[in-house]
Amino acid sequence: MSDRSADDLLRDAQQVSPVLAERLVAWQHQEGRHHLPWQKVRDPYRVWLSEIMLQQTQVSTVLGYFDRFLARFPDVAALAAAPQDEVLALWAGLGYYSRARNLHRCAQAVVAEHGGVFPSTAVLLQTLPGIGPSTASAIASFCFNERISIMDGNVKRVLGRVLAWGEDLSVKAHERALWAAAQQVLPARAEDMPAYTQGLMDLGATLCTPRKPACLTCPWSDLCLGRREGDPERFPVKGRKLVRGERESWLPWLEWQSQVWLEQMPETGVWGGLWTLPLLESDAALHALWGPALAERAEAQPRSKHVLTHLDWWLNPRRLVLSDAQEAALLAETLQAREPSGRWVPLADLANWGLPAPIKRWLVG
């Protein structure tokens, strides 16, 4: 099914609508997932929180974080009122920390601009920090029955296969064409939108997986154009490949009177806004920081590889427990001249600080 246009895609979508939606809603009621905590109530705060956490993160990982967030921030007003460092501390380990910063900004905007009530349409939801079109659509369809399709990775795969859309989805025009087709196959009844939207997610997570899709048990098996072509796994197509980089840092791990020296990362970039051991570009820079005498006393810790989506980051911690007040003062002065945010933090308080996952493993365990 090569050389299809966006018009061809829309026509094929119209031919299978409304059968696709009817079958998916029935399948979700009988076979879909119903145990997830954000499914139990149609609360936009919980749906929004789950959608942000689930970006680039598996459900099994999110479950624990979701419960801890709700225990500390039971509603959007509580989240808005919290210090950002406390939000980042609870987020530590989930990665993609810009999500946490935008989560906090969004909560503040909901309180300040909407009286603590989330807008009820996808268009208005997208005006809030950190809420893109697919997240806005999820909240609007789950909580307010808006007839609008989400378009996350699972949905691109499921709809790309059933409609055999073979164009490169890294091209925005091709992605928009698939999203337009997704709008064609929505349920006719608005009240079916929550089950339909959840069904799309469930189908992609359980049956229509990236490799070896379970086509025989799929409710769309006989309608799927990708299966009819004999190779559903080749859909969707995403041509742009991520180029991975490599980075190496040396970290002075300084302790003084049951305190550790930490610095806050810039708001943008990797570990944005989190607190970390100082990051130096070379072993020579580390030796220059503390000089030959202290370097001899420093204990080398195991080299660690921190794997990010776009980067393999090698971390070389060197631990030095200081016993002299003058040494501690001179090192603190030198480090603070380099990075003014640096400070001594009590080891006993580290659980309340936003630490990147590897730093938290070293310092907290």
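**Exercise 1. Identify the aromatic cluster that includes Trp48, then classify the ring pair of Trp48 and Phe118.**

Step 1. In this predicted model, Tyr45, Trp48 and Phe118 form one aromatic cluster. The search of the whole structure finds nine aromatic pairs.

Step 2. Take the pair of Trp48 and Phe118. Their ring centres are 5.3 Å apart. Pairing requires centres within 6.5 Å.

Step 3. Now use the planes. They stand at 50 degrees, so the pair is tilted. Stacked would need under 30 degrees, edge-to-face over 60.

Step 4. Trp48 belongs to helix α3. Phe118 sits in the loop between α7 and α8.

**Exercise 2. Decide whether Trp48 and Phe118 are buried or exposed.**

Step 1. The cut-off for buried is under 20% relative accessible area.

Step 2. Trp48 has 1% relative accessibility, so Trp48 counts as buried.

Step 3. Phe118 has 7%, so Phe118 counts as buried.

**Exercise 3. Describe how helix α3 packs against helix α7.**

Step 1. Two packed helices are described by the angle and the distance between their axes.

Step 2. Helix α3 covers residues 44-54, and helix α7 covers residues 98-114. They pack at an angle of about 160 degrees, with axes 10 Å apart.

Step 3. That angle makes α3 roughly antiparallel to α7; the threshold is over 145 degrees. The crossing is right-handed.

Step 4. List the contacts. From α3 come Trp48, Leu49, Ile52, Met53 and Leu54. They meet Arg99, Leu103, Cys106 and Ala107 in α7.

Step 5. Sort by class. The contact has eight nonpolar residues, no polar ones and one charged residue.

How values were computed: Residues numbered from 1 in each chain as written. Predicted model: local features only at pLDDT ≥ 70, side-chain atom pairs only at ≥ 80, totals over all residues. Heavy atoms only, no water. Axes fitted to C-alpha atoms, helices over the stretch in contact; angles between N-to-C directions. Helix = DSSP H or I, 4+ residues; strand = E, 2+ residues; numbered from the N terminus. Parallel < 35°, antiparallel > 145°, perpendicular 65-115°, else oblique. Left-handed = near helix turned anticlockwise from the far one by under 90°. Contact = heavy atoms within 4.5 Å. Nonpolar A, V, L, I, M, F, W, Y, C, P; charged D, E, K, R; others polar. Phe/Tyr/Trp six-rings, centres within 6.5 Å; stacked < 30°, edge-to-face > 60°. Buried < 20%, exposed > 50% of the residue type's maximum accessible area, 1.4 Å probe, protein only.
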